[in-house]
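Q: Walk me through this model feature by feature. Start with the general idea each time, then show me the case.

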Amino acid sequence: MTSPRLTSAAFALTGVLLFVYPVVRPSTDDAAAMASPEWVAGHLAAMLGFVLLGLGALGLHKVLGDRLSLRAAAVTWTGAGLTLPYYGAEDFGLHVIAERSLRDGAPALMELATLFRYNPLAITMFAAGLALMGAGGVMAAVAVWRSGTLPKEAGTALALGLALFIPQFFSPYPLRIAHGALIMIGGLWLAASLLRAPRTASAA
């Protein structure tokens, strides 16, 4: 992804998809919510957003061409890789368990969801992945600030949203939607800045 236009599209779609995630996802975590198509659609939007975030980070390095943006891309990719298995299990695994629980009238099956969610290895990978994506976002924002190619503040809102990804899970649902809106604003802001900025010689 070497084109600023493609990089811009990646960041824009990242922002939109990570806003769709809390808006579409049910606000509860019970069997009815997990069995719903909205549960699948919301988590799928998040997973696609994380993939595009990694592509956007790599494209940003191609535009800026500095070492910090390369490190930001590597950290972001690592974070996405650690996060996606947990999201996949949340999306598809818990959905199947919840459907079976409702169909069989067996609420005890939902204990499996709790056992997965708080499995020490699973939740450690999940938290580490989100923390790394937050760190990658901050590193990318610093690279943008130093670049002289893009507006200094262009990466700050997205970096803040990524850094707050873990705390937002413990917030009331309206704040989770507000967090999604912050990431969307950040993604669109960086995307617009990339479209207006010329490519640097180092990106050639």
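A: Begin with burial: buried means under 20% relative accessible area, exposed over 50%, and partly exposed in between (1.4 Å probe, protein chains only). At 42% relative accessibility, Asp104 therefore counts as partly exposed. This is a predicted model: local features need pLDDT of at least 70, side-chain atom pairs count only at pLDDT 80 or more, and totals for chains, interfaces and linings use all residues. Residues are numbered from 1 along each chain as its sequence is written, and side-chain values use heavy atoms, with hydrogens and water left out.

Q: Which side chain meets Asp104 in a salt bridge?
A: A salt bridge is a side-chain nitrogen of Lys or Arg within 4 Å of a carboxyl oxygen of Asp or Glu. Asp104 pairs with Arg100 at 2.5 Å, N to O. Both lie in helix α4, 4 residues apart, about one turn of the helix. Helices are DSSP runs (H or I, at least four residues), numbered from the N terminus. Arg100 is partly exposed too, with a relative accessible area of 43%.

Q: How many salt bridges does the structure hold, and which residues are linked in a network?
A: There are 4 salt bridges. Arg25, Asp29, Glu90 and Arg117 form the network. Asp29 meets Arg25 at 2.5 Å, N to O. Asp29 also bridges to Arg117, with the closest N and O atoms 3.0 Å apart. Arg117 lies in helix α5 (residues 111–117) and Asp29 in the loop between α1 and α2 (31–34), so the pair ties together parts 88 residues apart in sequence. Arg25 counts as buried at 4% relative accessibility.

Q: Which residues of the largest nonpolar core touch the most other members?
A: A nonpolar core is a set of buried Ala, Val, Leu, Ile, Met, Phe, Trp, Tyr and Cys residues joined through side-chain atoms within 4.5 Å. The largest has 33 residues; Phe11, Phe50, Leu60, Tyr87, Leu150, Phe165 and Leu190 touch the most other members. Two or more residues come from each of α1, α3, α4 (67–104), α6, α7 and α9. Another core, of 8 residues, lies apart and includes Trp39 and Ala113.

Q: What does Phe165 contact, leaving aside neighbours within four places in sequence?
A: Contact means heavy atoms within 4.5 Å. The partners of Phe165 are Leu18, Tyr21, Phe50, Tyr87, Leu130, His179 and Ile183.

Q: Is Thr83 buried or exposed?
A: Thr83, in helix α4, is buried at 0% relative accessibility. Phe50, Phe126, Gly129, Leu130 and Met133 touch Thr83, not counting residues up to four places away in sequence.
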